[in-house]
Amino acid sequence: MLIEEITKQLTLPEEFTQQALTNHCQQNQLRNEEALNHWLSKRCISKDELLEQLSLPIKLSKFALDSFGAKAEARLLQRKEELDQAIYSLLRVKDSGIPLEL
């Protein structure tokens, strides 16, 4: 309910929702409007409900970037030394030519 309330106030451009619908149709092999309507009727949902479900992750991403984008970068820079990792490998061989070749 909280996610719905937060995202209810956000509006997406029409091209984002249409792209999400196109991607959904491709993933489910829905090649035309008739196939989409049949798919919707089998699941007992309307096209508007489907569009709302498809737009929810996009709206959440937009909300997260708008609300926490600047704070996230500052936090990353603050904790950079804690988060950095270094990986090294050590090879031991008897012939000094093999490591040079590798």
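The following conversation goes through a predicted model of a protein chain.

Visitor: What should I know about the model before we start?
Guide: This is a predicted model, in which local features need pLDDT of at least 70, side-chain atom pairs count only at pLDDT 80 or more, and totals for chains, interfaces and linings use all residues. Residues are numbered from 1 along each chain as its sequence is written, and side-chain values use heavy atoms, with hydrogens and water left out.

Visitor: How many helices and strands are there in the protein chain?
Guide: The protein chain has six helices and zero strands. Helices (H or I, at least four residues) and strands (E, at least two) are DSSP runs, numbered from the N terminus.

Visitor: Is the chain spread out or a compact globule?
Guide: The radius of gyration of the protein chain is 24 Å, well over the 13 Å that the globule rule gives for 102 residues, so the chain is more spread out than a compact globule. That radius is taken over C-alpha atoms, and the globule rule is 2.2 Å times the number of residues to the power 0.38. The C-alpha trace spans about 70 × 35 × 25 Å along its principal axes.

Visitor: Is His-24 buried or exposed?
Guide: His-24 counts as buried, because its relative accessibility is 11%. Buried means under 20% relative accessible area, exposed over 50%, and partly exposed in between (1.4 Å probe, protein chains only). His-24 is found in helix 2 (residues 14-27).

Visitor: And which residues is His-24 in contact with?
Guide: Leaving aside neighbours within four places in sequence, His-24 is in contact with Trp-39, Leu-50 and Leu-54. Contact means heavy atoms within 4.5 Å.

Visitor: New topic: how many salt bridges does the count come to?
Guide: The count comes to five salt bridges, each being a side-chain nitrogen of Lys or Arg within 4 Å of a carboxyl oxygen of Asp or Glu. One of them joins the side chains of Glu-33 and Lys-47 (3.2 Å, N to O). This pair links distant parts of the chain, with Glu-33 in helix 3 (residues 33-43) and Lys-47 in helix 4 (residues 47-78), 14 residues apart.

Visitor: Why can such side chains pair?
Guide: Side chains of opposite charge can pair when their charged atoms come close.

Visitor: How accessible are Arg-79 and Glu-82?
Guide: Arg-79 is partly exposed, with a relative accessible area of 28%, whereas Glu-82 counts as exposed at 59% relative accessibility. Arg-79 forms a salt bridge with Glu-82, the closest N and O atoms being 3.2 Å apart.
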